[in-house]
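Keep the model open while reading.

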Amino acid sequence: MIDSIMDILKNETRLLHNQTEGNDFQKSLFSGSLPKEQFIEYLAQMYLIHKALEDALSELRKNNPIVASVIADHQYQQTYLQDDLATAQVKVDELKPLPATKNLIHHIEHLKSEQPIALLGCEYVLFGSKHGAKLLSKQLQQYGLGMEGAPNYFDPYGDKFAGYWQDFKAKMNAAQFSPTEQEDAIKGAKEMFSGLSKVFDDLILFIYI
């Protein structure tokens, strides 16, 4: 039996997924021990990353049938991040990327033109992160951001996420990837995990800069 692309992505990225989750910054994030300034900077960097990826995917949807078949508007997260940052009185047009964020954004731009299907691997990572993110929605309340029960970056969908994720999986598995495109998707997912780990490393240092 041939594994589906989603099964392959899960198996191929398992180690990087675990390493990213085990990053010291992520441990502090989940424990709720981050200083508020660092937490807000995390939201800022994630906004910049999501915007870069989602803008690229929106452009690709116009001419790439596979991307158009997989990506839906409800997967996009930048609006939720913008709202969370607005609560913290942060304007998204004034954000500055940390070095690792800047590198990741440049890489996304490169993939858009050279290996567009790799961006579906990137989206697999970011959209899939909603599985555990729901547990972090209480952090917004801890830092005085957002309102209990209101959509936010960590819990934008409520009970709808399971259905959205199944829909994404079904569309990815139904897509007619060539062998090269499948490898590109796997590479994109791996590079997104690695890129995020570097962003988290920069965020650990942010408060000292």
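T20 is buried, because its relative accessibility is 6% and the cut-off for buried is under 20%. This holds for a predicted model. T20 sits in helix 2. Beyond its neighbours within four places in sequence, T20 is in contact with Q26, F193, L196, S197 and F200. T20 and G195 are 175 residues apart in sequence. In space, their C-alpha atoms are 9.4 Å apart.

T13 lies in the loop between helix 1 (5–12) and helix 2 (14–21). T13 counts as buried at 2% relative accessibility. Residues up to four places away in sequence aside, T13 touches Y124, A189, K190 and F193.

Y124 belongs to helix 8 (residues 118–128). At 11% relative accessibility, Y124 is buried too. Its contacts, leaving aside neighbours within four places in sequence, are M6, L9, K10, T13, W165, F168 and A189. Y124 and A44 are 80 residues apart in sequence, and their C-alpha atoms are 21 Å apart in space.

| Helix pair | Angle | Axis distance |
|---|---|---|
| Helix 4 (residues 36–61) and helix 12 (residues 179–206) | about 150° | 10 Å |
| Helix 3 (residues 24–31) and helix 4 | roughly 115° | within 12 Å |
| Helix 3 and helix 12 | roughly 70° | within 8 Å |

Take helix 4 and helix 12. They pack at an angle of about 150°. Angles over 145 degrees count as roughly antiparallel, so helix 4 and helix 12 are roughly antiparallel to each other. Their crossing is right-handed. On the helix 4 side, the contact uses E37, Q38, E41, Y42, Q45, M46 and I49. On the helix 12 side, M192, L196, V199, F200, L203, I204 and F206 take part. The residues of this contact between helix 4 and helix 12 divide into ten nonpolar, two polar and two charged.

Next come helix 3 and helix 4. Their axes cross at roughly 115°, and the two helices are therefore roughly perpendicular to each other. The crossing of helix 3 and helix 4 is left-handed. F25, Q26 and L29 of helix 3 meet Q38, F39 and Y42 of helix 4. The residues of this contact between helix 3 and helix 4 are four nonpolar, two polar and no charged.

The axes of helix 3 and helix 12 cross at roughly 70°. That makes helix 3 roughly perpendicular to helix 12. D24, F25 and Q26 in helix 3 meet F200, L203 and I204 in helix 12. The residues of the contact of helix 3 with helix 12 divide into four nonpolar, one polar and one charged.

**The nonpolar core**

Which residues have the most contacts inside the largest nonpolar core? They are Y42, L43 and L120, in a core of 70 residues. Helix 4 gives the most to this core, with 14 residues.

Y42 has contacts in several places. Leaving aside neighbours within four places in sequence, Y42 is in contact with F25, Q26, L29, Y153, F154, F200 and L203. F200 and L203 take part from helix 12 in its contact with helix 4.

I40 is buried, with a relative accessible area of 15%. Apart from neighbours within four places in sequence, I40 is in contact with L85, A88, V90 and L145. I40 and P116 are 76 residues apart along the chain, and their C-alpha atoms are separated by 31 Å.

Is Q89 buried or exposed? Q89 is exposed, because its relative accessible area is 74% and the cut-off for exposed is over 50%. Q89 is placed in the loop between helix 6 (78–87) and helix 7 (99–114). Phi of Q89 is near 60°, a positive value in a residue other than glycine.

Technical notes: Residues are numbered from 1 along each chain as its sequence is written. This is a predicted model: local features need pLDDT of at least 70, side-chain atom pairs count only at pLDDT 80 or more; totals for chains, interfaces and linings use all residues. Side-chain values use heavy atoms; hydrogens and water are left out. Axes are lines fitted to C-alpha atoms, for helices over the stretch in contact, and angles run from 0 to 180 degrees between N-to-C directions. Helices (H or I, at least four residues) and strands (E, at least two) are DSSP runs, numbered from the N terminus. Angles under 35 degrees count as roughly parallel, over 145 as roughly antiparallel, 65 to 115 as roughly perpendicular and the rest as oblique. A crossing is left-handed if the near helix is turned anticlockwise from the far one by less than a right angle, and right-handed if clockwise. Contact means heavy atoms within 4.5 Å. Ala, Val, Leu, Ile, Met, Phe, Trp, Tyr, Cys and Pro count as nonpolar, Asp, Glu, Lys and Arg as charged, and the others, Gly among them, as polar. Buried means under 20% relative accessible area, exposed over 50%, partly exposed in between (1.4 Å probe, protein chains only). A nonpolar core is a set of buried Ala, Val, Leu, Ile, Met, Phe, Trp, Tyr and Cys residues joined through side-chain atoms within 4.5 Å.
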